[in-house]
Amino acid sequence: MLKAIKTLAVIVSLGVAGPALAAGGVEIPKRDWSFQGLFGTYDRAAMQRGLQIYQESCAGCHSIRLIYYRNLADLGYTAEQIKAFAAENEVEDGPNDEGEMYMRPAVASDRFIKPFPNDNAARAGNNGALPPDLSLMVEARVGGPNYLYAVLTGYGEPPAGTEVMDGMSYNKYFPGHQIAMPPPLSEDGVEFADGTKATVEQQAKDITTFLAWASEPNMEARKSMGLKVMLFLLVFTGLLIAVKRRIWADVH
Amino acid sequence: MADTAASPESGDEDAGRRDFLILAAGAMGVVGAASFAWPLIDSMNPSAEVLALSTVDVDLDPIQEGQSITIVWQGKPVFVRRRTKAEIEQALKDDSAELRDPEKDGDRAQKPDWLVMIGLCTHLGCIPLGQKSTDPKGEFGGWFCPCHGSHYDTAGRIRKGPAPKNLPLPPYKFVDDKTILIG
Amino acid sequence: MSTGSQWKNPVIRWVDDRLPIFTYMDHEYQQFPMPRNLNYFWNFGALASIVLVVMVVTGVMLAMQYTPHVDYAFDSVERIRRDVNYGWLLQYIHMNGGSMFFIVVYIHMFRGLYYGSYKAPRELLWMLGVVILLLMMATAFMGYVLPWGQMSYWGATVITNLFSAIPLVGDWIVTLLWGGFSVDNATLNRFYSLHYLMPFVLFAVVGLHVVALHVSKSNNPDGIEMKGPQDSVPFHPYFTAKDSVGVGVFLLFFAFFVFYAPNFFGEPDNYIEANPLQTPSHIVPEWYFLPFYAILRSVTIDILFIPAKLMGVLLMFGSILILFILPWLDTARVRSAKYRPIYKYIFWIFFVDCIALGWVGSQPAEGTALIIGQVATVYYFAHFLLVMPILGKIETPLPLPSSIAEPVTGGGGGASAGAAAAKMEKP
């Protein structure tokens, strides 16, 4: 038993101490997130604000194609709210009886609409740079939420001697320091319904929480099941050790 | 049999305690294995995106009297028929006929004009004919299943042939006069 | 013929007289004599078979949901993670199970190396184990391609391109493997088919491995044969109980990763859908291939008439194939490192060498890492081709105990090392 605990302790410390270096060699600062740790959960209010930021500041260029409107139930919205939210967007459906495609209001079972019909259109609309899909952004980057937060807040004036190409922005944490995305968040760029002050840092934190959820909507189920499984296995293993000791008692 | 190999010289009390431990560990093992089996089995149940598609809106406006449409709900054909006066009368009259699966027409159609049924024969799941005006409608003027010859009347009740039950009704409600929501 | 069967239950007796599965199970898993001095490192064979079963079971369920098509594969895996009931659990178990399988099997192999379990009469047992390792590697590689992320795609491209190093027919073979002119839909489909097939082949070879084990019986920390009932205990209940402890601890370890660090062994890049027009800046194979990847990259110059590319590929495959002849490269008269005062240290040097190769494999192939990789590669082969044959000749083993039951030889009487070693050869 003690051995198992020690082993676990080693693993936990290894897992926590994972390195988080951006490709450019700049260290990504670590932040505390509500969804970290063995018991972490997504902050519902932050996710709702994050959704608003996505809609107002990101959705013009970035898709989030793996998310359905129905998934917003995870953010704490009711079926009615989701229906109303979805209905604000139009999706293509069809063909109808005349063989034509037609537009209809989105419903809960539709995926989030995309800003561009395909990658080429997205490039054409963004000076040749492809705004990546955000569904898995947190899983798909080394450093995860810390990296995302760092890039969103890492804009600024380039240090003396650094040339920034036309149409690019300087970003301290982006690999290569030149990013095609102009600063997406601005001070009070959105107005939160719950009265939270919309600083750039606050927005970066909220959108990151929202996107962390989008990357892994089942994280909370995973952790809560994990707790039960680990407790069960601890007791079970303890029992097995006791059985083994008894059985072997007459051999040693 | 399992424990005969263990040494016989340990005392009765000791053996009893060992038996209890083995029993408890075995029980936990069985519970654990069963708990692991459940996610495996449940993964075969309909997934979230399938369940999300479990309701369908149907616009009734374009359907003329005497016409039927077939729409897909949960992968099954649903018959929506706007019945003629003659069909409704026939159905009401047949309420008193000898029925294999007795049901009143009033219980089968929320509004007499509209008959909404799952179009799968209750015998072995073929789709009965009768939706198109040119289809054979069977001896009772409703639907006829070509696979094994089941005849349904104008209320979709089984009247003749091997099928045991009337055509089943999906859960549906009228959202307004022109629209129903199935599911 | 009913040979006075021991079974009282008439149904069992009837079946057993015709198909002696009950007698077989009784013989091989109940009464089967096991050395009484096995330590917990002897758990890992049982653990490996548990992981194999878990992988097959979760894999069969995942296969019901997965779509092997370049346009749908990535999204179908995301559908499993998001929409299928407990799909995330099955996917995480399967994904981490691959790593667990290699952890368990690598420990199992190092156990064999330390205690000389590959030595006579267990050479075939060991060689079947190497076949199992090769099958595992092929299965794991093909499975890693299926999610169709960036690492899947580029890993498949790099590994299949290894075969292009073969003189004359290399390019033809690569095209054959791909079913096209790059890794594409045909490749994905055949990898899926083979990924489903291989575990069953694996099962068969594991069966042979177990049969061979039950002929020669388990080796043990002292590396001497069992000489009688005083040296052994029956498999059940002693080793069912002891293996169960290992299983419990192992499941805790496994569950920790599945539930609390599911992406620990993975690469973030594999959460980006495969893009044939863009290679990730730093591609690395899964951790369990890193040492071999380091050997592959360590050859940077042409050696004699062999081009560097071909030499790298030959060394990489050679690093595994050399294990097949290890039983004859090791000339020592005793098995266990416990009685080999020098090999005891050599073993750990070799272990560190493997770890170093793994680290090198995870680094970009340049600078210090490259040099360390080259030194470690040379030592890897030197260990097998020079150290093992020579050490066996010059090392004086410690005196072996006369039997497992009496691990201490007491007065240290006549049993010289040589005599004891000679005794070992008797079954």
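This dialogue covers the contact between chain A and chain C, and the domains of chain B.

Student: What kind of model is this, and how are residues and chains labelled?
Tutor: The model is predicted: local features need pLDDT of at least 70, side-chain atom pairs count only at pLDDT 80 or more, and totals for chains, interfaces and linings use all residues. Residues are numbered from 1 along each chain as its sequence is written, chains are lettered from A and ligands numbered from 1 in the order in which they are written, and side-chain values use heavy atoms, without hydrogens and water.

Student: How many residues of chain A are in contact with chain C?
Tutor: Contact means heavy atoms within 4.5 Å. Here 41 residues of chain A are in contact with 39 residues of chain C.

Student: How much area do chain A and chain C bury?
Tutor: The size of an interface is often given as the accessible area lost when the parts come together. The area is taken with a 1.4 Å probe and summed over both parts. Chain A and chain C bury about 3,600 Å², 70% of it on carbon and sulfur atoms.

Student: How many salt bridges does the rule find across this interface?
Tutor: A salt bridge is a side-chain nitrogen of Lys or Arg within 4 Å of a carboxyl oxygen of Asp or Glu. The rule finds four between chain A and chain C. One salt bridge joins Arg70(A) and Asp83(C), at 3.0 Å from N to O.

Student: Into which domains is chain B divided?
Tutor: Domain bounds come from an automatic or database domain assignment. Chain B has domain 1 (1–45) and domain 2 (49–182), and their centres, taken over C-alpha atoms, are 55 Å apart.

Definitions and conventions. Buried area = accessible area lost by both parts, 1.4 Å probe.
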